[in-house]
Amino acid sequence: MTIPETVAGLRAAFDSGRTKPLAWRIAQLKALRAMLAENGPTFEAALHADLRKNPTESQFMEIGFTIAEIDAVLRGLRRWLRPRTVPTPSAILPARSQVVLEPLGVVLVIAPWNYPVQLLLGPAVGALAAGNAVALKPSELAPATADAIAGLVPKYLDRSAVVVIEGGVPETTELLEQRFDHIFYTGNGTVGRIVMTAAATHLTPVTLELGGKSPTFVDDGVDLAAAADRIAWGKFVNAGQTCVAPDYVLATKRVQDRLAPLVAAAAAALFGEDASASPDYGRIVNERQFSRLTGLLGAGTRVSGGVLKESERYIAPTVLADVPRDAPVMQQEIFGPILPFVTVSGVDEAIAYITAHDKPLALYVFTGSKRTRRRFITETSSGGLGFGISLAHLSVHGLPFGGVGSSGMGAYHGRRSLTTFSHEKAVLSKPLRPDTMKLVSPPYTAAKDSLVRRILSKVL
């Protein structure tokens, strides 16, 4: 079946009304949950083949993460779908005003390769909960996982309303030529612009989950060893190939000189002195990314790492100190196991540096100062802000996850996933009798003028 025929089939399924009942939505979510729970070894093997992910990491950050998202949505779905009553202006009483959620239609989800289960099926949870038909486009750069998903989805989910479309750039390009009612893309800003341009042809709304250089600031009032542990885990999990990984550290020279070796030691505690021998440490996804990352290793002073094994696409966890701000490693999102330290004079310069650059997807701050916390909340803008920990805000399903500015637009997780893939329809109900509208409609009289002014005086 061609891509246009596939999308047309999804449109027909949605138009038939089969995806709208609550029972269908719940059934699809439970089926998706069963697919993940019953095929853990299959997904673990695929993720290991694509990224050499440890099975425990795959369960925690991909399979189990998505199951937890499904459970959170199932717990709240009935309540979230209830019409929400809002106040009605006195001028048109008696009347009732409500917001009703309705499905958008046919949704396209385009996923990246770094978390190929979570970042494909996580958005699908919201799309299905909202009652949409869904086209799933897994990344061709994680082929084993894409094949596993393509083989399993038809066995568990409604084949007429949920399809997996495999392929590379040509297939994605053809998909983007079709009319969808929402496109959800996770990836880089370059492709994000292509997606948004294609969507504009059909006036299709988009959610863009992009990346960017997520900063970490550490002041001298915290337990640096504990901060190093949190930073090292967030940076080097999945070999640094995480969109919200700490991209670089801002600290004073004094803090850097103490903290950088501690981060190196924390990485060694996680993966051993030779991470290539660790079953817990991943690999770079392909040769192109490996080559790009090796070109970023020359900046600053190497505190640890820098060891390469091209045949394995292995780059050791690497910490760089005293990195110049104009170094190549500071000009692009790293998306790999390289952590540069950039020195600043203190909080003021750190905030100035962050605000002078694109708004990041995440920002992490390690400080014991309430004033410093308030300053980062009020004086910086980022998709998410974590104090004392990195990455973990993604696991809080009540928090919206998304970017701002060049790091993305729109958000999902939990209830926000439902509203992202729904239209909030305004519904006003007013009885025909009594016809109070005559009191504020022509012909205008002195009495009506007085009434209108009295009404307005209460709201202005």
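**Terms and values in a predicted model**

Student: Which residues is S304 in contact with, leaving aside its neighbours within four places in sequence?

Tutor: S304 is in contact with A264, P317, T318 and V319, where contact means heavy atoms within 4.5 Å. This is a predicted model, in which local features need pLDDT of at least 70 and side-chain atom pairs pLDDT 80 or more, while totals for chains, interfaces and linings use all residues. Residues are numbered from 1 along each chain as its sequence is written, and side-chain values use heavy atoms, without hydrogens and water.

Student: Why does S304 count as buried?

Tutor: Buried means under 20% relative accessible area, exposed over 50%, and partly exposed in between (1.4 Å probe, protein chains only). S304 has 18% relative accessibility, so it counts as buried. It is placed in strand β10, residues 301-304; helices (H or I, at least four residues) and strands (E, at least two) are DSSP runs numbered from the N terminus.

Student: What makes G298 exposed?

Tutor: Its relative accessibility is 74%, so G298 counts as exposed. G298 lies in the loop between α11 (287-294) and β10. Its C-alpha atom is 68 Å from that of A95, 203 residues away along the chain.

Student: What are the counts and the span for the chain as a whole?

Tutor: The protein chain has 15 helices and 20 strands, and its C-alpha trace spans about 85 × 55 × 35 Å along the principal axes. Of its 460 residues, 52% count as buried. Among contacts with a separation of 6 or more, 71% join residues 24 or more positions apart.

Student: How do you know that the buried residues of α7 are on the same side of the helix?

Tutor: In α7 (residues 169-176), the buried residues are T172, L175 and L176. They cover an arc of only 95° around the axis, so they lie on the same side of α7; the arc is taken from the directions from the helix axis to the C-beta atoms. The buried residues of α7 pack against α1 (3-15), β3 (106-110), β4 (133-137), β6 (182-186) and α8 (189-201).

Student: Why is T172 called buried, and what does it touch?

Tutor: T172 has 17% relative accessibility, so it counts as buried. Not counting residues up to four places away in sequence, T172 touches I110 and K137.

Student: What makes the sheet with β3 and β6 open, and which strands form it?

Tutor: Six strands form this open sheet in the order β5-β4-β3-β6-β7-β18, with mixed pairing. β5 (162-164) and β18 (408-409) stand at the edges with a single partner strand each, so one side of each has no neighbour in the sheet. Two strands pair if DSSP finds at least two bridges between them. β3 and β6 have 4 bridges and pair in the parallel sense. In β6, Y185 is the bridge partner of I110.

Student: Why is β15 described as mostly covered?

Tutor: In β15 (residues 362-366), 5 of 5 residues are buried. Both faces are covered, with A362, Y364 and F366 on one side and L363 and V365 on the other. β15 runs parallel to β8 (residues 215-218), joined by 3 bridges, and F217 stands opposite V365. On β16 (residues 384-387), 4 bridges join a parallel strand to β15, and G386 stands opposite Y364.

Student: What makes a space a cavity or a pocket, and how many cavities of 30 Å³ or more are found?

Tutor: On a 1 Å grid over the protein atoms alone, a cavity is a set of points where a 1.4 Å probe fits but cannot get out, while a pocket is an open set with protein on both sides within 12 Å along at least five of seven lines; lining residues have an atom within 4 Å of a point. The search of the whole structure finds 1 cavity of 30 Å³ or more. The largest cavity has a volume of about 40 Å³, the space filled by probe spheres on grid points joined across faces, edges and corners. Its lining includes G212, K235, D247 and E333.

Student: How do the residues lining the second largest pocket divide by type?

Tutor: They divide into 12 nonpolar, 4 polar and no charged. Ala, Val, Leu, Ile, Met, Phe, Trp, Tyr, Cys and Pro count as nonpolar, Asp, Glu, Lys and Arg as charged, and the others, Gly among them, as polar. About 250 Å³ of space lies in this second largest pocket. Of the 16 residues that line it, M61, F65, Q118, L391 and L394 are the closest to its centre. α4 (55-81) supplies the largest share of the lining, 3 residues.
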